[in-house]
Amino acid sequence: VTHSIPACIGNMTINSKQPDSESPVSIFAVNKCYVTVQDGTFFDGSGFAALVREGYKVRSDVNITLEFRTTAVHGVLLGVSSAKVDAIGLEIVHGKVLFHVNNGAGRITAMYEPKATNNLCDGKWHKLQANKTKHLISLIVDGNLVQTDNPYIQSTSADTNNPIYIGGYPADVKQNCLSSKSSFHGCLRNLVLTKGQHAELFDFSKAFDLRGVFPHSCPGAE
């Protein structure tokens with residue numbers, strides 16, 4: 001076994017004595033236990049998860065689905081970029097959801113704006129689907145469809161080669177389709193990226209870099 005256990009541990013004794021858990025010699029990626037827990041991954045607002053170390057290639061088509069829960073009006077959801085300008089990005093800015101795509105000719109954005117700023121930042125689960133099909137992009141949030149015109153119809157492929165960053169990204173990493181640098185604070189679940197007939201459900205515990213992210217541990221409403 002080479003990975004940590006996604007669980008809570010309490011009332012431990014060693015030789016009939018309880019170790020001092022309040023002042024450990026060292027601690028890494030250990031969060032508090034919650035009275036109520038939901039399926040999902042908790043992002044504490046300080047970091048990110050990095051997936052696909054060898055680089056994710058968006059190219060002409062990709063469909064992204066996920067669920068999120070937050071009380072913050074700003075936060076990065078997902079970013080995949082390249083060394084050039086090609087990239088895609090999903091973020092929450094001022095309570096709106098933005099899906100950015102740059103196929104090399106220029107950035108285009110589909111934006112979902114709720115009736116009130118805090119409608120999506122109410123601590124409840126919301127469903128999101130972002131779709132890129134060649135030069136066309138669309139965004140569906142809680143069943144509401146948003147589409148946008150793309151003047152660059154000849155440019156159809158986002159030639160990305162960097163990892164997928166979820167919930168934020170390192171300070172030294174360039175993201176060409178994200179305007180926010182705020183790390184996501186809240187919970188994510190059911191992240192699926194689909195290309196053609198191939199759908200991939202991502203397990204955050206298998207990320208090659210996790211900072212301020214707690215897989216399989218999403219605090220419920222207490």
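Predicted model: local features only at pLDDT ≥ 70, side-chain atom pairs only at ≥ 80, totals over all residues.
**The annotated domain**

- The UniProt record, an unreviewed entry, carries the annotation "domain: Laminin G" for residues 38-218. UniProt positions follow the numbering used here, feature names are shortened, and such annotations may be inferred rather than shown by experiment.
- Take residues 38-218 and you get 0% helix and 51% strand, with the end C-alpha atoms 5 Å apart. Helices (H or I, at least four residues) and strands (E, at least two) are DSSP runs, numbered from the N terminus.

**Strand E12 and its partners**

- Strand E12 (residues 185-195) pairs with strand E2 (residues 41-51) in the antiparallel sense, over 4 bridges. Two strands count as paired if DSSP finds at least two bridges between them. Here, Phe 43 stands opposite Gly 186 in E12.
- Strand E3 (residues 61-70) also pairs with E12 in the antiparallel sense, this time over 7 bridges.
- Lys 195 sits opposite His 198 in E13.
- E12 and E13 make a hairpin with 2 residues between the strands, and Gly 196 has a positive phi near 65° there.

**Cysteines**

- There's 1 disulfide in the structure, and a disulfide here is a pair of cysteine sulfur atoms within 2.5 Å. In general terms, it's a covalent bond between the sulfur atoms of two cysteines.
- The disulfide joins Cys 187 to Cys 218, with an S to S distance of 2.2 Å. It links distant parts of the chain: Cys 187 is in strand E12 and Cys 218 is in strand E15 (residues 218-219), 31 residues apart.
- The torsion about the S-S bond of Cys 187 and Cys 218 is about 110°, so this disulfide is right-handed.
- Cys 187 is buried at a relative accessible area of 2%, and Cys 218 is buried at 0%. Buried means under 20% relative accessible area, exposed means over 50%, and partly exposed is in between (1.4 Å probe, protein chains only).
- Cys 121 is in no disulfide, and the nearest cysteine sulfur, that of Cys 187, is 14 Å away. Cys 121 is buried too, at 7% relative accessibility.
- Cys 177 is another buried cysteine, at 0% relative accessibility.

**Strands E6 and E7**

- Strand E6 (residues 96-102) and E7 pair in the antiparallel sense over 6 bridges. Phe 99 has Ala 110 in E7 as its bridge partner.
- The two strands E6 and E7 form a hairpin with 4 residues between them, and Gly 104 in the turn has a positive phi of about 115°.
- In a regular strand, side chains alternate between the two faces of the sheet. Strand E7 (residues 107-112) has Ile 108, Ala 110 and Tyr 112 on its covered face, with Arg 107, Thr 109 and Met 111 on the uncovered one.

**Out before strand E1**

- Ile 5 lies in the segment before strand E1 (37-38), and it's exposed, at 58% relative accessibility.

Terms used: Residues numbered from 1 in each chain as written. Heavy atoms only, no water.
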